[in-house]
Amino acid sequence: AGATFKWRQLETSGRTPSPRHSATLMQISRLHAILYSGVCVTNGHPSSDIHVLEVDDTPNKVWSSATWQRVELVGAAPPPRLLPSMTRIEGLPPSGQHITEAYSILVFGGTASTYARANTNTPNTDK
């Protein structure tokens, strides 16, 4: 009476992104996803960093393990934001070409970082 799905935890290695909420994760190729922005849960600060998750391509083990890598940006990065939309443009990367050289990612919208800072502070509970 419908599809059956099973949860499993993906084993990851590499430079893992900080725990965050309000981030955007987008699959950009069969074996790559990009994590962008969000608010760090340990310090409440908004982030504009980008991380790539590269999935293991071993036959019969695809999506069983993956490696995180932080991407260093060239040029002016957009300001930190919460929950922006992202889309890939300019097609898929040619075989053997590094994923960040093959196409562009368009980031649109989201909530400005000043709102993120204002809403991640803990309330004063002193009486």
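Strands here are DSSP runs of E with at least two residues, helices are runs of H or I with at least four residues, and both are numbered from the N terminus. V52 counts as buried because its relative accessibility is 7%; buried means under 20% relative accessible area, exposed over 50%, and partly exposed in between, using a 1.4 Å probe and protein chains only. Along the chain, V52 and T67 are 15 residues apart, and their C-alpha atoms are separated by 8.1 Å.

A word on what you are looking at. This is a predicted model, in which local features need pLDDT of at least 70 and side-chain atom pairs count only at pLDDT 80 or more, while totals for chains, interfaces and linings use all residues. Residues are numbered from 1 along each chain as its sequence is written, and side-chain values use heavy atoms, with hydrogens and water left out.

Now step back to the whole chain. The protein chain has 2 helices and 11 strands. Read from the N terminus, the order of the elements is β-β-β-β-β-β-β-β-β-α-β-β-α. The chain has 127 residues, and 30% of them count as buried. Among contacts in the protein chain with a separation of 6 or more, 49% come from residues 24 or more positions apart. Contact means heavy atoms within 4.5 Å.

Back to V52, which belongs to the largest nonpolar core, together with M26, I28, I34, Y36, I50, V71 and M86, making 8 residues. A nonpolar core is a set of buried Ala, Val, Leu, Ile, Met, Phe, Trp, Tyr and Cys residues joined through side-chain atoms within 4.5 Å. Two or more residues of this core come from each of β3 (24-29), β4 (32-36) and β6 (50-55). There is also a second, separate core of 7 residues, including L31, L35, V55 and W68. Which residues does M26 touch, not counting residues up to four places away in sequence? They are H32, A33, I34, M86, T87, R88 and I105.

Next comes a charged pair. Side chains of opposite charge can pair when their charged atoms come close. A salt bridge is a side-chain nitrogen of Lys or Arg within 4 Å of a carboxyl oxygen of Asp or Glu, and by this rule the count comes to 1. R20 and D49 form a salt bridge, with their closest N and O atoms 2.8 Å apart. R20 lies in strand β2 (residues 20-21) and D49 in the loop between β5 (39-40) and β6, so the pair ties together parts that are 29 residues apart in sequence. R20 is buried, at a relative accessible area of 17%, and D49 is buried too, at 12%.

Finally, look along that loop. S48 lies between β5 and β6 and is partly exposed, with a relative accessible area of 22%. Leaving out residues up to four places away in sequence, S48 touches Y36, S37, P78, P79 and P80. S48 and P80 are 32 residues apart in sequence, yet 4.4 Å apart in space, C-alpha to C-alpha. S47 is found in the loop between β5 and β6 as well, and S47 is buried, with a relative accessible area of 14%. With residues up to four places away again not counted, S47 touches R20, S37, G38, P80 and R81.
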